Amino acid sequence: MKTDKFVRYGKRKISYAVQRANRRTMEIAVLPDGHVTVKAPLKAKASKVAAKVLKRARWILRQQAYFSKFNPRTPSRIYCPGETHLYLGRPYRLRVHATKCERVVLGRGMILVETKGEPKRGLVRAAMQDWYRAKAYQVFDEVISKYYPRLGLGKILRPRLHVRRVSKRWGSLAPSGTLTLNLDLIRAPKICIEYVVAHELCHLHHADHGKAFYARLVEMMPDWKIRKERLERALI
Ligand SMILES: [Zn+2]
């Protein structure tokens with residue numbers, strides 16, 4: 001696909017491909033690999049197509065950011081000193097240190113990983129993963145404790161928490177009563193974690209995403225849409 005056209009949006013450049021078709025309206029799509037396509041009427045002027053792309057620029061960038069999270073080409077962390085890692089939406093600079101015991105300490109703007117012996121990447125990575133997992137269980141459980149009582153279901157139905165690294169979902173609720181949350185969520189701002197938890201908890205009342213489900217979600221969290229959008233931009 002030839003993405004030979006582009007518009008500028010602030011400092012960003014948005015490239016796109018135009019597909020002409022016998023149609024009356026324009027339709028913009030962002031593909032999972034980040035490419036932008038515009039289906040346009042045969043006679044639509046190039047300037048009109050560009051204006052349309054510009055008008056949707058914010059949405060396009062948001063979609064691209066969302067997909068980039070799942071894109072394996074996104075450089076992954078290599079656990080070297082100086083690298084930035086996120087925790088609850090804030091960036092922390094990684095420092096490593098060889099010492100007698102193994103621990104991870106969060107300081108102002110930095111995350112210190114201490115390892116027994118030489119702080120090799122594998123050790124640093126393992127220590128951080130353990131730390132992230134422990135924090136995830138702690139923080140997610142607090143969030144469930146905050147939102148679950150609002151459903152008025154009594155203690156019995158409170159779901160069991162399970163934290164896993166899953167590639168394409170933030171959370172899911174099994175009929176067995178297990179709430180699975182994505183480990184990566186611990187890197188997102190707390191308001192986003194709350195959104196995912198509230199969404200999943202609402203499934204205790206409504207299994208589908210029908211009107212009643214969203215009514216319940218709005219009642220529990222009136223600003224859920226803002227939180228959801230924030231989450232889509234948070235973890236790039
Ligand atoms: Zn859902």
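Elements first: helices (H or I, at least four residues) and strands (E, at least two) are DSSP runs, numbered from the N terminus. With that, E200 lies in helix α4, residues 190–202. We will come back to E200.

Some ground rules. This is a predicted model, in which local features need pLDDT of at least 70, side-chain atom pairs count only at pLDDT 80 or more, and totals for chains, interfaces and linings use all residues. Residues are numbered from 1 along each chain as its sequence is written, and side-chain values use heavy atoms, with hydrogens and water left out.

The overall picture. The protein comes to six helices and eleven strands. Its C-alpha atoms fill a box of roughly 70 × 50 × 25 Å, taken along the principal axes. Of the 236 residues, 39% count as buried. Buried means under 20% relative accessible area, exposed over 50%, and partly exposed in between, with a 1.4 Å probe and protein chains only. Contact means heavy atoms within 4.5 Å. Among the contacts with a separation of 6 or more, 44% come from residues 24 or more positions apart.

Now E200. What is the nearest side chain of opposite charge to E200? R169, at 5.7 Å. E200 is buried yet has no salt bridge. A salt bridge here is a side-chain nitrogen of Lys or Arg within 4 Å of a carboxyl oxygen of Asp or Glu. On charges, Lys and Arg count as positive, Asp and Glu as negative, and His and the chain ends are not counted. Leaving out residues up to four places away in sequence, E200 touches G171, S172, L173 and L179.

L179 belongs to β11, residues 178–182. Five of the five residues of β11 are buried, so the strand is largely enclosed by the rest of the structure. In a regular strand the side chains alternate between the two faces of the sheet. In β11, T178, T180 and N182 point one way, and L179 and L181 the other.

How does β11 pair? Two strands pair if DSSP finds at least two bridges between them. Strand β9, residues 160–164, runs parallel to β11 over five bridges. There, R164 stands opposite N182. Strand β10, residues 171–173, pairs with β11 in the antiparallel sense over three bridges. The bridge partner of G171 is L181. β10 and β11 form a hairpin with four residues between them. In that turn, G177 has a positive phi of about 95°.

Next, the metal. Which residues are the protein donors of the zinc ion? H199, H203 and H209, each through NE2, at 2.0 to 2.1 Å. Donors are N, O and S atoms within 2.8 Å of the metal (3.2 Å for Na, K and Ca); water is not among the atoms, so sites may look incomplete. The donor spacing in sequence is H-x3-H-x5-H. H199 sits in helix α4, while H209 is in the loop between α4 and α5 (211–220), ten residues apart. H199 is buried at 11% relative accessible area. H209, at 47%, counts as partly exposed.

On to salt bridges. The count comes to twelve. R227 and E194 meet at 2.8 Å, N to O. R227 lies in helix α6 (residues 224–234) and E194 in helix α4, so the pair ties together parts 33 residues apart in sequence. Both ends are buried: R227 at 10%, E194 at 8%. R187 pairs with D184, the closest N and O atoms being 3.5 Å apart. R187 and D184 are buried too.

Then E219 and R216, with closest N and O atoms 4.0 Å apart. They are three residues apart in helix α5, about one helical turn. E219 is exposed, at 60% relative accessibility. Shared partners also join K146, E194, D223 and R227 into one network.

Last, the aromatics. There are six aromatic pairs. Rings of Phe, Tyr and Trp (its six-membered ring) pair if their centres lie within 6.5 Å; planes under 30 degrees apart count as stacked, over 60 as edge-to-face and the rest as tilted. Y87 and Y92 make a tilted pair, 6.5 Å centre to centre with 55° between the planes. Y87 and Y92 are both buried. Along with W131 and Y132, they form one aromatic cluster.
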